[in-house]
Each structure stands twice: as structure tokens, then as C-alpha cells.
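Good morning, colleagues. Please turn to the sequence and the structure, which I shall show now.

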Amino acid sequence: MEKQHSLIFLTGFSGSGKSSIGPLLANSLGYNFIDIDSAIEEQEGKTITRIFAEEGERAFRKLEQAMIATIAERKEMVASLGGGALEHTPTFELISTTGTLVYLKSDPKNLAKRLFHKTDRPLLRSSGTEKPDREALERNIYAILEKRSPRYESAAITVYTDQKRIGSTVEELTRKIERFVRKQSSIEQNDQHKDRP
Ligand code: S3P
């Protein structure tokens with residue numbers, strides 16, 4: 001499968017802003033947009049929380065992998081991933097070999113603040129929909145982040161989202177992505193020249 005540098009996979013922990021930034025970024029770049037979690041919910045006719053409860057995380061990761069595979073050859077597209085998508089190695093490999101990974105990085109304390117009132121993130125709830133206390137949530141986020149960080153940090157582009165308005169994050173991302181895609185294309189063109197006799 002050929003790598004498409006303009007296929008942008010937006011990653012980051014829950015609450016880092018992927019779903020809100022994704023469509024704005026796609027609009028700013030003139031690309032198409034897909035939210036992988038929403039596409040799975042639509043396809044399965046149930047919420048992610050229900051998929052986790054009824055079929056388990058493993059089944060969800062397989063659905064995620066299959067959904068990402070359907071867009072793996074697209075160009076000029078922004079795909080917002082679920083925060084745990086990269087944990088599943090086949091999905092991580094698929095993403096790394098087919099597109100450009102972009103990481104929205106946030107401080108765990110800010111993530112905890114934003115996620116505290118949400119009940120639809122099954123992995124952050126210790127038991128069902130019960131709301132944990134802030135400190136327990138923060139500890140949970142730290143532990144999961146530590147495990148996920150190496151793959152998040154493998155992104156070609158990283159942008160910090162804390163203390164920034166969404167508009168400036170989108171502008172910064174647009175600039176960095178356009179520059180990156182242009183650079184990769186010219187490297188490829190030069191390589192093709194070199195290969196010619
Ligand atoms: C998950 C994050 C969620 C969703 C699912 C699992 C995770 O997406 O895919 O609940 O493993 O961190 P968001 O990152 O949009 O919250």
C-alpha cells in the first residue's frame with residue numbers, strides 16, 4: 001500500500017480536542033473529514049460505550065482497525081482517531097505505513113479537568129458509568145498516558161493544545177501539515193529523479 005502524506009491521522013488522549021479540531025482542520029486544509037468513532041457508531045447502530053459493554057475492548061479494536069483500513073488509500077483527508085487506536089499494533093502499523101500521524105498533546109491535569117464530567121469514556125471509568133473522583137481520574141490518565149506515549153510521540157507532527165484557542169491550534173496545524181506534505185512530496189520527486197538512468 002502506498003503512503004499518502006496528505007492522509008492525516010489525528011491522535012491524542014480523550015479530551016485533547018480531536019473531534020472538535022478535526023473538522024475545522026479539514027476545512028482549513030480543504031480536505032475531507034471522518035471521525036472514526038462516529039463512523040463505527042453509525043455502522044454498528046450503537047454507541048461506543050455499548051460496544052465496549054456488550055462485545056468488549058478487543059472487538060472494538062478490531063472494528064477500529066477495519067474502519068481505518070477503509071480509508072487507508074485516501075488522499076487529502078483528516079481522520080480523527082479514538083485515543084486508544086494506536087494501542088492495537090496492527091492499527092498502529094496500518095497508520096504508520098499509510099498516512100501522516102499528528103499528535104494533539106495535552107497536560108494530564110487539563111485532560112482530567114475536561115474529562116471529569118464525561119460519562120462516555122468506558123476506559124476511564126473504573127466500574128461502569130460510576131463517576132470517579134478527580135484524583136483517581138488523574139491517576140488513571142497518567143497510567144494510560146505512560147503506556148501510550150511512545151506511540152503518540154512517534155507522530156510526524158506534534159502540537160500542544162493547552163492554553164491555546166482552538167483557532168490558533170487549527171492555524172498552527174494547517175501551517176505545519178502543509179509544509180510537511182510539500183516537503184515529503186519534493187523528497188519523493190527527487191528520489192524518483194535519482195532512480196532514473
Ligand atoms: C478510547 C477513546 C475514545 C473511544 C473509546 C476508547 C480510548 O475516543 O475510541 O472510548 O481507548 O482511549 P476519544 O479519544 O475520542 O475519547
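Let me begin with a question: in which loop does E76 lie? E76 lies in the loop between α3 (48–71) and β3, where helices (H or I, at least four residues) and strands (E, at least two) are DSSP runs numbered from the N terminus.

Two remarks on the source are in order. Residues are numbered from 1 along each chain as its sequence is written. This is a predicted model, in which local features need pLDDT of at least 70 and side-chain atom pairs count only at pLDDT 80 or more, while totals for chains, interfaces and linings use all residues.

I return to the loops. Most residues other than glycine have a negative phi. E76, although not a glycine, has a positive phi of about 45°. E76 is partly exposed, with 15 other C-beta atoms within 10 Å. By the convention used here, a residue is buried if 20 or more other C-beta atoms lie within 10 Å of its own, exposed if 12 or fewer, and partly exposed in between, with C-beta atoms placed from the backbone. Another residue other than glycine with a positive phi, near 55°, is Q163. Q163 is found in the loop between β5 and α7 (166–195), and Q163 is exposed, with 9 other C-beta atoms within 10 Å.

Next, the overall fold. The chain has seven helices and five strands, and from the N terminus its elements run β-α-β-α-α-β-α-β-α-α-β-α. For 197 residues, a compact globule would have a radius of gyration near 16 Å, and the 17 Å of the chain agrees with that; the radius is taken over C-alpha atoms, and the globule rule is 2.2 Å times the number of residues to the power 0.38. Of the 197 residues, 29% count as buried.

β2 and β3 pair in the parallel sense over four bridges, and F33 has V78 in β3 as its bridge partner. Four bridges also join β1 (residues 7–11) to β3 (residues 77–80), where L10 is partnered by S80. β1 and β4 pair in parallel over four bridges, and here L10 stands opposite V102. Finally, four bridges join β4 (residues 100–105) to β5, with V159 of β5 as the partner of L104.

Five of the five residues of β1 are buried, so β1 is largely enclosed by the rest of the structure. L7, F9 and T11 point one way from this strand, and I8 and L10 the other way.

I close with the ligand. The residues around the ligand are S14, K18, S19, D37, I48, G82, G83, G84, R121, P122 and L123, each with its C-beta atom, placed from the backbone, within 6 Å of the ligand. By class, this shell has three nonpolar, five polar and three charged residues. Ala, Val, Leu, Ile, Met, Phe, Trp, Tyr, Cys and Pro count as nonpolar, Asp, Glu, Lys and Arg as charged, and the others, Gly among them, as polar.

Technical notes. Two strands pair if DSSP finds at least two bridges between them.
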